[in-house]
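Dear colleague,

I am passing on the structure below, together with some notes on what was found in it. Please keep it open beside you while you read.

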Amino acid sequence: MKIRIFLAVFLAGVVLSTLSARAQVAVVAVAGDPGHLNPAISTAGPLHAVADSIFNGLVALDREGNAQPDLATSWTVSPDGREVRFTLAPGVKWHDGKPFSAEDVKFTFEEVLFRFHARTRAGLAPAVDSVDAPDAGTVVFRLKQPHPALLKQLNVTEAPILPRHLYAGSDPNRNEANARPVGTGAFRFESYKRDDSVVLVRNDNYFKPGLPKLERLVFRVIPEANTQVAALANREVDYLGRVAPSDVARLKDKATLVDTTSGPGGANCVMTLAFNLQRPTLAALPVRQAFAHALNRRQMLELVQFGQGRVAEAPIHSAIEWATLPGALQAYDLDPARANALLDQAGLPRGAGGERATLDLLMFPAFARYAELMRQQLAAVGIALRLKPLDPAAFATSVFTQRDFDLALISYCNGVDPEIGVRRMYHSTAIGNVPFSNAAAYRNADVDRLFDRAGSSTDTAARGEAYREMERIVARDLPYWWLVETDFTSAWRGDFADFAPWSGQFAERAFQKR
Amino acid sequence: MPVARLAWAIGTVWLAASLAFLLIHLAPGGPAIALGGDSGAPGYLEDVARLYGLDRPLPEIYLDWLARVATGDLGHSYRSGQSVLSLILERLPVTLALVAPAVVLSAIVGTLLGLVRTGRGFAASMAALHAVPGYLVGQALVLVFALGLGILPVQGLLDGRGADGGGIARLLDMARHLVLPVLALTLHNLTFVALLTRTRVMAEMERPYAVTAAAKGVAPALVRRRHALPNAMLGLVSLFGSRLGGFVAGAVTIEVLFALPGLGRLAVTSAIARDHPVVIGLVLFTTAIVVTTNLVVDLAFRRLDPRVGEAV
Amino acid sequence: MSRHAGTIAGAIVGLLYLGCLFLAPSGALQSLPMSGPFLPPSLAHPLGTDDLGRDMLAALAQGGRTSLMVATVTALLAVGLGMAIGMAAGLGAPWLDDLLMRTADMVLSLPALLVAILMASLFGGSSLNLALVLGLSRWPTIARIVRAETLSLRHSDFVRSSVAVGTRPIAIAFRHILPHVCPTALTATGIVFGGAILAEAALAFVGLGDPSLTSWGQLIAAGYTFFDRVWWMWAFPALALCGASALVAVAASRE
C-alpha cells in the first residue's frame, strides 16, 4: 500500500514538474552559505556572489576592467588629481522606497567600507582625505595625494553602497538589515534559508531602464562541486559562477563556458603560500628559498588547475601589465637538490624517518588538492606537512587573529590595480586583525615607501617602476611564495544569454531565450 | 517502573550534557573560545567568559550548565547569532522528512524480507549489503536515475524555479526531491532490519508453541507469519527505537550528498566553521529525541503487553 | 561454529593489515610513488593513478592502514570494556548488574557519530579521537552479549562447584567464564570493527576526517569529484571499504 502511494506521488511529481510554466528564472549554484548579505563589511566570495546583485557601486567595471556608469553617471578629475567629482543618477530609490542620495555614499565609505571592507580599508582609505556630499546628486572624493586606482575601487565588489537610513548609528556587523538587505540594485531580497537558498526578485523600479530581464534569481547552496555540475547537467541549475578546473572538460558541450580573471571574489587572483615570519623556522630565509626550489609549480598548474591559468612569474599578476615584473622569480628554478642543501645549511637536518620538520598548513577545504600535492612535493626534501582545512571564518581567525599557523595557502586577488589587492599583502600597516591582509607579517620600510610612492603618483610609468622595484625586493625576501595565477571559468545553460561573470552584478542583463 | 525508566532517560541527557561540558573544558584555548569563538576584538573573550559565568568556581559553572541544558537553553551560534534551539527546530522538518519515510520503508520491507527469507546465504548477503554505506548507494542512484534517465533531481528539497505554488504542488515537488535520498538511507537500514527479523523469527520458531504447531502439521510459512512474527515484532519495535540514532547518523552523509538543509548538514557545516555551540546543541538535542522516542515506545508497549515490564 | 567465526574474522583483519603495511610507504612524510595523472589500471599501476598521479594501490594500502588502525583501536577498546563490564554485571550483585546495564543503555542512546563530529569541531579531525569516541560508545553491545552468556554459565554445574570450593569471583571470571564468552564476544567485535571502518569513512566523506592521513573514506571523497569519468579512483577504495567491513560482518554472522 505505502509503496503504491509513494509511487503515485512520485509519478505525479514528475508530470507536474514538466508542466510548470516557464518564468524568467535563473537558478545559480553557490558553494558556500553567504552567512549574511552585507557586502560592505566582508570580502568573502560566497557572500558577494549573492549580495552584489542587490546593491550598486558608484561605477561598474566592464570585462576589460574599465569604469562604466553605475550609481554615478559621470565623473571629472581636477587638474591636480586630488579631487574627483561624481554626478549621481537621478531618481534612484532604495528597495524600501526611500530616495537614494549622496549622503548614503558618504556614510557608506566613511562609516562602513573604510572600517570593515578588507581591501577597501587597506587599499583606498589611506589615500582619501574626505568624501563629501555637497548636494543630493553629487559626491566629491578629496584625496591626500592623486590616487589613479580610485575608479577601479568603486565597483559593487569593492565598494557597495548601503542605505544610510538603516545603518546610521548602529554597529554594521550586527545590523538586522544584514539578513534582510535593502539596496538599490537590480534585484530585491525576498528570502534567505541558511545552507539552502537565497531568493531575489526583480526590482521593478530599477533606475536602469529595461533592466533586469530576469524575474527571479535563486541562489542554491550546493557545497559539492560534483553535485553542482550534475545539477547543471540535469537542468536544475542554470548558472555556475565557478566551475572547478577539473570539471571544465565535462561541461564543454553542455553549457556556455566563459573564462575570466575576475569575479565577485575579486580580480586577478594568485594562489599564494604565506610563510608566518613570526615562526623561527620560517623566519630563516634559506628555509623559504628551499620551499621555492622544492615546489613544482608547473605540476600544480597541470594537475590541480588543469591548465586553467599560468605559473606565477612575478609577485604581481601578469594581467596588470604595467606593474608586473616578468622573470622576477627566475632565480628559483625547480631544484630539490638545492632545496635540500639550503635546508641543511639552515640547520634542519633529516631525522630518523627522513623528515626535517613538520609544519602546519592552513587552507580552505576547496584548496585541499593543492595542499596534497604540496605535501607530496615537499616530502622529497624532508618537510612533512600537517594539513588543516578550515572554513573561511575559522581560517581568518586562526591566521589573522590568533596567528596560529606555520604556512597558509591563500588565493590573493590582486584586483585590477595593485592598490586594491597587492598593497595589503606587504605593507607593514596591513599587519593585524583584518582578514586576508598581510598574512606573513612582512615588514620592510623600503617596500612601504615604494607602495606609498606608487599609490600617490598619477604617472603610470612612474607607478609601474615603483611596483617593479618593490617586486625585486619581495622576490628576494620571499615573505610569500607565488604559485599559480588562477583563471576562473563560469558556465551557464545554453538557453540563457548575457551573463557577466566578471562582475558582481553578473545577472543584471541576463535573460532566458524563449 | 515507568518512573525508573524516566529517571534513566533523564540520566542519559545528563550524561550527554556532562560529556559536552568535559569536552568544552578540554578544548584548546579553553571554554570561552569553545563557546564564543575568537573575534580578536580586545576584551571579547572576557565578555564571553562573563556571559557564561566562566569566572566562577568549576562546580558552579557545571551546575549552571546543567540548568541551561535542562531549560532548553543551548546557547547561540556565533556564526549567525541565532539561538541554537531555533536553528535546530528550523532544520528538524527536513531531517524528519528524510528519516521518517526511511524508517517506515525499511521497517516494512526489511521485516517482510527477514520473514520470507531465512537461509544462511540470505543472511550473509544482507550482512554484506549492510556494509555498503548510504552515500555510495546515493551516488549510484544519482548516476542511474538523475544523470542517466534524467527523471529525478540530484540535489535540494525544492525546485529552484517553482516554489511559487503552495500546498499540494509544493509537497509533490518535495516528495520528488526526496525519493533518491530516502532510498539511499533506506537500503542501508533495511538490511539491518531484515537480519534482525530473521534472527528473532528463528528464535521464536524454536519455542515450544511453534514446535508444537509444526508438529501438528501447520505449514512452516504459516507458523512464521501467524505465530512467530507477532511475538518477534514486540522486541523488534523496541530495538528500532534504539536504532533511531543510527538513522540520524546516516542522514549526515545523505544530507551532505544531496545538499539538503537538515540537521546532519547543520552539524557538518557548523563543525567545519568551528561553530561549537551548534554542534553541542545537536548532540544534546538528538540524545533527547532518541531517549524520548525510546521512552514512548517502551511505555506504549508496556500497556499493550504486560510481559514487557518483566522482561529485561 | 562461533569459535571459527572469531578466528576467521581475526585472520581477515590480520591479513588485510599486513598487506597494507607491506604495500604502503611508511614514515611521517606520507609520500607516494607518482607518475602521470589518471592512468588506468596497468601492470605498472595495478589500480591506476589518481588526479595527482599517485599510485592508487599504494594510496589504498596507506588508506587501509588508517582505516584498519581506527577500527582496531575501536574494537580493542570496545571488547575490553565490554567483556569486563559484561562479566561484572553477570557475576555481580543484582544492583551492580542493574546499574551497569542501565549505563550501557544510556551510552547506546548517545549519538556516537555526532559526538565524533563535536570532537572534530573542537579538536580538529583526528583518527585517534575518532577511535576513542567509537570505542567508548560501542562497548554496550558486547557487554550485553557477554552478560547474557555469563548469566547462563553462572548457573552451570562447574561454576557452582567452583563457588562451592571457595574460589574468588575474579578467579572464576578469568578461569571459567572468560574462555567461554570469548568466541561470542569476538563475533560482536567483528560488527563493531566493521562499523568503525564505515564511521571513519563517513566522517572523511563529509570533510571531517583526519586531513593529514589518507584513509579509504578520504579516497572515496576525492574520487567522487571524478565520479563519472575515472572509475578506478572511487571504485577500488569503495570496494576495499565495503569488502573489509562486509567480510568481517559476514564471518561474524555465521553462527
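**Where the chains meet**

The contact between chains B and C takes 45 residues from chain B and 34 residues from chain C, where two residues are in contact if their C-beta atoms, placed from the backbone, lie within 7 Å. On the side of chain B that touches chain C, α12(B) gives the most, with 10 residues; here helices (H or I, at least four residues) and strands (E, at least two) are DSSP runs, numbered from the N terminus. By class, this side of chain B has 32 nonpolar, 12 polar and 1 charged residues, with Ala, Val, Leu, Ile, Met, Phe, Trp, Tyr, Cys and Pro counted as nonpolar, Asp, Glu, Lys and Arg as charged, and the others, Gly among them, as polar. Chain C also touches chain A, with 20 residues of chain C in contact with 21 residues of chain A.

Before going further, please note that this is a predicted model, in which local features need pLDDT of at least 70 and side-chain atom pairs count only at pLDDT 80 or more, while totals for chains, interfaces and linings use all residues. Residues are numbered from 1 along each chain as its sequence is written, and chains are lettered from A and ligands numbered from 1 in the order in which they are written.

**Inside chain B**

The secondary structure of chain B comes to 13 helices and 0 strands. Of its 312 residues, 48% are buried, meaning that 20 or more other C-beta atoms lie within 10 Å of the residue's own, C-beta atoms being placed from the backbone.

Two of these helices, α6(B) and α8(B), pack at an angle of about 150 degrees with their axes 8 Å apart, the axes being lines fitted to C-alpha atoms over the stretch in contact and the angles running from 0 to 180 degrees between N-to-C directions. The pair is therefore roughly antiparallel, a term for angles over 145 degrees. Where they meet, the residues of α6(B) include Met126(B) and Leu129(B), and those of α8(B) include Phe192(B) and Leu195(B).

**A sheet in chain A**

Chain A has an open sheet of 7 strands in the order β8-β9-β10-β1-β11-β21-β12, with mixed pairing, where two strands pair if DSSP finds at least two bridges between them. Because β8 and β12 of chain A stand at the edges with a single partner strand each, one side of each is left without a neighbour in the sheet. Further in, β9(A) and β10(A) run antiparallel and are joined by 5 bridges, and Val201(A) stands opposite Arg216(A) in β10(A).

With best wishes

Technical notes:
Parallel < 35°, antiparallel > 145°, perpendicular 65-115°, else oblique. Buried ≥ 20, exposed ≤ 12 C-beta atoms within 10 Å, placed from the backbone.
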